[in-house]
Amino acid sequence: MDSYLLSLRIFGEMTTLHMGSHLWVVINSDRVASEIISKRATITSERAHMPISSDLISNGKRSVLQRSATWSEGRRLMRPLLTGPLAKTFVKWQDLESAQLLLSCLQSPEKWYLHHSRYATAATYGVVAGHRLNKSEEELAEYRKVTKEFLASLFNTTVDFFPILSRIPRPLQLWRQQWEAVGLSHRRIFKKCWGPIKEKVEEGLAGDSWVRDVLLKSDKGREEEALYLTNSVISAGGDNIRMTLNTFAMVSIHYPQAFQKCRQEIDEVCGGRGVRLRLPGLEDISSMPCLCAFIKELLRWRPVVPLIPPHQLTEELKYAGFVFSVQTNFVINTVAICADCEQPEKFLPERWLDGSGNEAILTHRFWGFGGGRRVCIGYKAAQPALFLALSRLICCFDFELNGNYDSKRLNHGSTTEPFPVRVSKRSSTHEHLIWKEGAARGLC
Ligand code: HEM
């Protein structure tokens, strides 16, 4: 898939494809993405109708695929996650769960990829639910499978390219039964997650949280919408951060010099010679430009969302000598845009250190979070989530090669170790620090 997306660059900044009943325009450059998705956001923020991914698999309720009329209310409810008191609560959970991540890596380093997954889900779950994630590994695996199946359905079925097919009589819709069954199984797993969250709020046992303070306070109170919205946030937050942390593990073995450079920077601030050893925290962001650039390069080097869901045009658009009619679907080709730089295959964090100070702003000249009105609701939370986890892992653990691997194969969908890495504590002093910080947070 990625090499096909990359190959589309030979057609220039835009590739037009007549697929299904509408024109599809794949955007391959930062410049065109800015012009069409950002500057014309008022007319390029509708979602295409996707009868399979949206209607059948998502019951019409996964926010990321909803058409504007139904999406706007959910989006309004999600916004407090980005700003105000809940953004601070989010950071509190990221701090706690990253301390847990270190403890888990100490206790069972061979399960590093499962610890990444739990951290990513737990940090988002905490702010959403107001209590700690209390799911077993099996439940988390089941949850990941739902996200995997949903993502695999995008851009993958003829019916989603020919939405008109959803109008033929139901008995003739031969695909329907299969995808309806997938949708029902997703709903069952979402309900299993939603039930206890709601109960804890109703029993007065949930702390400050998005479900308690925003979602259930809204006057709508529609159960199905709440169930899907809650799971939309937990699964989107959990999975994208998980995949980025796994990309980090790959970079650690494939580009050890880049890893060491970040460690040196961290040590200078948090525990080199003459400095008392401590865990890095968010107050250190401005002192760690190399790490911030490293994080941005992780996102660029192997973008976790290769193709952004379609942004549909709601008015005719004249641009660059073309006339695009209503319902044209614009798709941001993240893979191609991320490769639009010098030596794209190389992992070079320095490319983000241009003196502008924008290395800590993940959406600056980076399209992996989408754009316009539909931009990822969690992009501001992603920065501290990645900064806390990675600064602390780099500070306290060594990552070494432990077998054969291919740096292009991250195997994000794997249920076992995606590639062979040996994780070990850096020293007994660092081990002591991990236990001390865990105890200070009531984790051990
Ligand atoms: C590496 C981290 C992340 C990446 C790369 C990422 C990427 C994306 C992308 C590409 C979209 C679709 C945007 C569009 O259509 O233009 C999206 C939507 C979304 N993301 Fe993220 N995301 C990340 C982290 C998070 C986090 C931490 C959260 C949790 C709060 C989150 C929650 C969501 C939600 C709820 C949506 C749907 C928004 C809507 O329907 O309006 N994401 N994300």
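Guide: Cys376 is buried, with 21 other C-beta atoms within 10 Å; a residue counts as buried if 20 or more other C-beta atoms, placed from the backbone, lie within 10 Å of its own, as exposed if 12 or fewer do, and as partly exposed in between. This is a predicted model, in which local features need pLDDT of at least 70 and side-chain atom pairs count only at pLDDT 80 or more, while totals for chains, interfaces and linings use all residues. Residues are numbered from 1 along each chain as its sequence is written.

Visitor: Where is Cys376, then?

Guide: Cys376 sits in the loop between helix H14 (334-338) and H15, where helices (H or I, at least four residues) and strands (E, at least two) are DSSP runs numbered from the N terminus.

Visitor: And what does UniProt place at Cys376?

Guide: The unreviewed UniProt entry places the feature "binding site" at Cys376; UniProt positions follow the numbering used here, feature names are shortened, and annotations may be inferred rather than shown by experiment.

Visitor: How many residues surround the ligand?

Guide: The ligand is surrounded by 29 residues, and the closest are Gly237, Asn240, Gly370, Cys376 and Gly378, a residue being near a molecule if its C-beta atom, placed from the backbone, lies within 6 Å of it. Two or more residues of this shell come from each of helix H4 (68-78), helix H11 (223-254) and helix H15 (379-396).

Visitor: Which gives the most to that shell?

Guide: H11 does, with seven residues.

Visitor: What's the shell like by class?

Guide: The shell has 17 nonpolar, ten polar and two charged residues, with Ala, Val, Leu, Ile, Met, Phe, Trp, Tyr, Cys and Pro counted as nonpolar, Asp, Glu, Lys and Arg as charged, and the others, Gly among them, as polar.

Visitor: Changing topic: which way do the residues of strand E7 point?

Guide: From strand E7 (residues 329-332), Asn329 and Val331 point one way and Phe330 and Ile332 the other way, and all are buried. In a regular strand the side chains alternate between the two faces of the sheet.

Visitor: How do E2 and E7 run, parallel or antiparallel?

Guide: Strand E2 (residues 22-27) and E7 run parallel, joined by four bridges, and strands pair if DSSP finds at least two bridges between them. Strand E4 (residues 311-312) runs antiparallel to E7, with two bridges.
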